[in-house]
Amino acid sequence: QWSPIFNPMVRTVGEYPDVLTAVILMHGTKRNGKDYLCSMWNGLVKHVGLEHARSHFVVVAPQMFRRSDALWRPGELFWDKAGNANPTRNWKWGGNSTAQLAQSISSFEALDRVLFAVHNRLVFPNVNRIVLGGHSAGGQIVQRYALFNDVDEQLQHNGVQIDYFPANPSSWTYLDEYRPVLAPSVTCSSICVNTSVSQHKYEFARGGSGTGATCPATYNGVVASNTYLPWMSLLGRSK
């Protein structure tokens, strides 16, 4: 059973022809989807006004439970507590839900179903834009999902624009060993610990031994994790 949380102004039965934009917001490590739902909805109302938000937006907050979470109920999917060493069960990496239940699906597949839900033409016949964003751990899964899902192309073929906004993840996903170049005056002494780079989820070579060594020009992925994305301005902006 998979039950993402929809904003209370819209139900997933009936037809909502005025809804044009779906906003899907992924929670962080604390897995507090309801808080993200409320924050996103309140911010949206502040940005566009209550009536416009009610008429033209649907807000969804997926919830990746652990079994120990207070809101988890028997029969619902949950993900095991998995560290970076076990991405096959880590929801941030697209890992599968627990094997303790009869069925197990990837967190990427769970997001697939959310996207298809807001693209359901029997409910939202005129949705033409989907915004998928996440903060912190939510930003991690959003960037990985953007790279590896196979739903994006299908929806765009059907005339739906999809925008991805990962905010403040602790790591960024790159497809090779190259990274943006640091400004000449900047070194790792103030922004990263080289010895942590290849030992955790930053899968590229260390720039030197010990803390505070100067970064070589081939990487500075840690810098980007301090970037803040202003959600409300992004909602009104096309690619």
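Select S170 first, in the loop between strand 5 and helix 6 (194–197); helices (H or I, at least four residues) and strands (E, at least two) are DSSP runs, numbered from the N terminus. The model is predicted: local features need pLDDT of at least 70, side-chain atom pairs count only at pLDDT 80 or more, and totals for chains, interfaces and linings use all residues. Residues are numbered from 1 along each chain as its sequence is written, and side-chain values use heavy atoms, with hydrogens and water left out.

S170 is partly exposed, at a relative accessible area of 32%. On this scale, buried means under 20% relative accessible area, exposed over 50%, and partly exposed in between (1.4 Å probe, protein chains only).

Remain in the loop between strand 5 and helix 6 and select N168. Its phi is near 55 degrees, a positive value in a residue other than glycine. Most residues other than glycine have a negative phi. S136, in the loop between strand 4 and helix 4, also is not a glycine and has a positive phi of about 60 degrees. S136 counts as partly exposed, at 26% relative accessibility.

Now display strand 5 (residues 161–167), where 6 of the 7 residues are buried. Strand 4 (residues 129–135) pairs with strand 5 in the parallel sense over 7 bridges; two strands pair if DSSP finds at least two bridges between them.

Proceed to the aromatic side chains F108 and Y145. They form an edge-to-face aromatic pair, 5.6 Å centre to centre with 65 degrees between the planes. Rings of Phe, Tyr and Trp (its six-membered ring) pair if their centres lie within 6.5 Å; planes under 30 degrees apart count as stacked, over 60 as edge-to-face and the rest as tilted. F108 lies in helix 3 (residues 107–118) and Y145 in helix 4 (residues 137–148), so the pair ties together parts that are 37 residues apart in sequence. Both F108 and Y145 are buried.

Then select W93 and R144. R144 lies over the face of W93, at 3.7 Å from the ring centre. A charge sits over a ring if NZ of Lys or CZ of Arg is within 6 Å of the ring centre and within 35 degrees of the ring normal.

The last stop is helix 1. Its buried residues are G33, Y36, L37, M40, W41, G43 and L44. These residues cover an arc of only 165 degrees around the axis, which puts them on the same side of helix 1; the arc is that of the directions from the helix axis to the C-beta atoms. The face turned away from the buried side carries the exposed residues S39, N42 and K46. Just after helix 1, select G49, which takes a positive phi of about 95 degrees.

Finally, display the whole protein chain, with its 8 helices and 5 strands. Of its 239 residues, 45% count as buried.
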